[in-house]
Amino acid sequence: MSVYIPLATKYRPQRFADVIGQDITVKIIMNGMMKNRLGAAMLFSGTRGVGKTTIARIVAKAFRCEHSTPEPCGKCESCQSFANGSQIDVIEIDAASNTGVDDVREIIESCRYKPTIGKFKIFIIDEVHMLSNSAFNALLKTLEEPPEHVKFLMATTETYKIPETILSRVLKFDLKRIETDVLAQHLSTICNQENVVANADVLTAIAKAADGSIRDSLSILDQVINISDKNEISMDDVRNILGISDESDIIDLVKLILVSNVKAAVQKFRNILTSDISCEKVANTILDYIYALTCIKSDIELPNGTIQSDIIEKLRLLAKNVSLPALTRMWQMLLRGIEEIKMCDRPEIVLEMMLIRITYASGLPDLQDIITGNNDVSSYCDGKSENKTGIDVNNIGSNATNNIDINGNETISAKIINNEMHKQGILEKTEIKTVEAEKKKEEEEETAEEQQHKQSSESLLDEALKMFPDAVIE
Ligand SMILES: [Zn+2]
């Protein structure tokens, strides 16, 4: 039985043309090679699985290739030695396990000797941010005056941990997360080569779960292929591997939120959680749908691969009965809630509370309607609408702040309304109106007072002139 090679290893790019999603970086490197303008040290930064070490290896191969084209030929003796692991003038160091100054001294000592064959001796230092301060200091001297035959190719996920003195002496490349549609297309190519059938939605779901990482996407694809009994992978296979819920369940949840049905929304949310999906995933999926609804409402095209095509059709139907202000409100509340989920040991309770708030809020009238007075606010509490809040919203537009009890305290419903209105910016506007009205009243009172004062002064003057007609008034 032959040894299985994981897809991430099997399809690791061996030349610049195979690198995906990093076009600018690849172009700069290839042009730099052609013009002989690449320095002695380069740093590749970026999140996991975006191709930092892969690109560093291709650069090493290109520097060592016997041909002078920027793209390594793959055929010369040097290129072949990369393929069979016999390349001795390229030294890979994992800084995570070689953090000390002595490890760096070994590198520096090795720099003194020219490569066995070819022009360059190359050091690839992975996770370079893990080096100690003294190790960085030792390396600095060599980076300041590197021997002509030496190249340093460094990779890191945490650039900010690298001293400025080092950063200022390297050519930096910040690698991007791979776009979902680019990743899905890459997975499609690999599925074709592996004779695996997968539709676009399945590949998009895998690409989204990988969150910009090629390595993660291929690792998930490996697992999904393994779980499938046939040479075809389905959405159910992907859900089983990723522990994600059926998207239609979350669409149903969004629908219940939009019609302000708190009880049913909470029940739906609890059902969704039984499928082992994480709270963060649920919240992020709802965020994705709110974003998609906003784009649909605004007639803006959705970026490729953001949402599956069948889900988009369902969202189009939902979009007809929701307003942009309501979507904006939900977006803001949800964003705040996601931060709260991270801070709490019981994320399911935090998310449930958040969903209750959002569902309540979606039953409130829109700011625009309140300001313009065009809405029939009473419909929100007369039983005709889907409002289940039980909140008296009759006074929202005019004097919500006056909703006080017999002791002069804000009633609970007034507090909830005020809170929600503050979030929508409603109170800011109504408060401005109230302040303006009060200011006008004060000005009118002041004018009346001044008028009265002026009149009384004038009458006193008249009296005085009558009594002393010869007096000179200055
Ligand atoms: Zn070559």
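Reader: Thanks! What percentage of the residues in the protein are buried?
Author: Buried residues make up 33% of the 474 residues. Buried means that 20 or more other C-beta atoms lie within 10 Å of a residue's own, exposed means 12 or fewer, and partly exposed is in between, with C-beta atoms placed from the backbone. This is a predicted model, where local features need pLDDT of at least 70, side-chain atom pairs count only at pLDDT 80 or more, and totals for chains, interfaces and linings use all residues. Residues are numbered from 1 along each chain as its sequence is written.

Reader: Good to know. How many helices and strands are there?
Author: The protein has 21 helices and seven strands. These are DSSP runs numbered from the N terminus: helices are H or I with at least four residues, strands are E with at least two.

Reader: In what order do the strands of the open sheet come?
Author: Five strands form the open sheet, in the order S2-S3-S4-S1-S5, with parallel pairing. Strands S2 (90–94) and S5 (171–174) are the edges, each pairing on one side only. Two strands count as paired if DSSP finds at least two bridges between them.

Reader: How many bridges join S1 to S4?
Author: Five bridges join S1 (residues 41–45) to S4 (residues 150–156), and the two run parallel. Leu-43, for instance, has Met-154 in S4 as its bridge partner.

Reader: And what about S2 and S3, how many bridges there?
Author: S2 and S3 pair over five bridges, in the parallel sense. Asp-94 is partnered with Asp-126 in S3.

Reader: Why is S3 described as largely enclosed?
Author: Six of the six residues of S3 (residues 121–126) are buried, so the rest of the structure largely encloses this strand. Lys-121, Phe-123 and Ile-125 point one way, while Ile-122, Ile-124 and Asp-126 point the other.

Reader: Switching to helices: which residues of H16 are buried?
Author: They are Ala-326, Leu-327, Arg-329, Met-330, Leu-334 and Gly-337. Down the axis of H16, these buried residues fall within an arc of 150°, taken from the directions from the helix axis to the C-beta atoms, so they line one face of the helix. On the other side of H16, Leu-335, Arg-336, Glu-339, Lys-342 and Met-343 are exposed.

Reader: Last one! At what angle do H10 and H11 pack?
Author: H10 (residues 214–227) and H11 (residues 235–242) pack at about 115°, with their axes 9 Å apart. Axes here are lines fitted to C-alpha atoms, for helices over the stretch in contact, and angles run from 0 to 180 degrees between N-to-C directions.
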